[in-house]
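Trainee: I would like to learn how to read a surface patch and a helix pair in a model. Can we work through one case?

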Amino acid sequence: MMDNKTLNPFLAVWLHPKQAARYLIDHKTLGFAMMIITICTIISLPVNFLDTGEILTWPFLIGVVLLSPFLAILGLFITAFFPWAIGKLFKGTSTYTDMYKVMSLASIPAAAMGPIYLIWFVVSPDTLLNTELAFSGTGIAIFLVVMLLSFALGIWSFVVSVAVVAEAHQFSNWKAFFTLIIPAVIILIFILSLGALIAFLFFSNM
């Protein structure tokens with residue numbers, strides 16, 4: 001059994017996400033969750049530079065480093081609302097603050113892509129910045145490995161989300177799964193419906 005008073009959430013979240021979530025709920029503040037988001041956002045920044053090309057200037061880099069954590073922190077206030085609110089329909093017990101704290105943990109696996117892209121840039125910068133080279137020779141092998149790692153980390157980030165939502169709401173993983181899926185489906189239906197409406201109005205006026 002892990003010591004929940006001295007647990008390192010950056011390490012524990014990989015194999016013990018529920019213990020990491022309980023640690024944040026019981027022992028850490030909202031500011032600590034914001035610190036996790038800030039660190040993970042900065043670590044993951046190399047992923048966002050894939051298609052920027054020649055605009056990688058110092059003012060641009062400094063602006064992104066300063067602005068990205070703020071937007072991520074603000075975005076989580078919106079993102080955390082949905083599993084908190086939908087979870088209440090399943091008789092979940094989490095507070096909104098606790099949900100924000102535990103949802104910050106899902107950013108840790110996703111942030112691991114940052115160092116992977118940085119290694120890619122060091123090993124083969126041409127294949128990272130040039131799409132044609134990425135799909136030729138050894139470039140395609142590197143590309144496939146990176147995409148496989150990206151897919152695996154994305155899946156694990158979702159698994160972590162399910163686990164921490166279940167812990168925060170004190171209900172089953174299945175309820176946590178649907179707590180996350182339901183708002184995603186609703187948003188997808190809304191976007192598709194809006195797109196269909198815009199397309200209908202556009203073509204009807206041609």
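Predicted model: local features only at pLDDT ≥ 70, side-chain atom pairs only at ≥ 80, totals over all residues.

Trainee: Which residues form the nonpolar patch on the surface?

Mentor: The patch includes Ile 78, Phe 81, Phe 82, Ile 187, Phe 190 and Ile 191. Leu 194, Leu 197, Ile 198, Phe 200 and Leu 201 also belong to the patch. Together these side chains present about 1100 Å² of accessible area.

Trainee: Which elements give two or more residues to the nonpolar patch?

Mentor: They are α6 (81-89) and α13 (173-204). The most comes from α13, with 8 residues.

Trainee: Take Ile 187, in helix α13. Why is Ile 187 described as partly exposed?

Mentor: Partly exposed covers the range between the buried limit of 20% and the exposed limit of 50% relative accessible area. Ile 187 has a relative accessible area of 38%, so it is partly exposed.

Trainee: How is a pair of packed helices described?

Mentor: Two packed helices are described by the angle between their axes and the distance between the axes. Here α6 packs with helix α7 (residues 96-103) at an angle of about 125°, and their axes are 9 Å apart.

Trainee: How many of the residues of α7 are buried?

Mentor: In α7, 6 of its 8 residues are buried, so the helix is mostly covered. The buried residues are Asp 98, Met 99, Tyr 100, Lys 101, Val 102 and Met 103.

Note on methods
Residues numbered from 1 in each chain as written. Heavy atoms only, no water. Patch = residues over 30% accessible without salt bridge, like charges linked within 9 Å, V, L, I, M, F, W, Y side chains within 5 Å. Areas by Shrake-Rupley, 256 points an atom, 1.4 Å probe, with all protein chains shown as cover. Salt bridge = Lys/Arg side-chain N within 4 Å of Asp/Glu carboxyl O. Helix = DSSP H or I, 4+ residues; strand = E, 2+ residues; numbered from the N terminus. Buried < 20%, exposed > 50% of the residue type's maximum accessible area, 1.4 Å probe, protein only. Axes fitted to C-alpha atoms, helices over the stretch in contact; angles between N-to-C directions.
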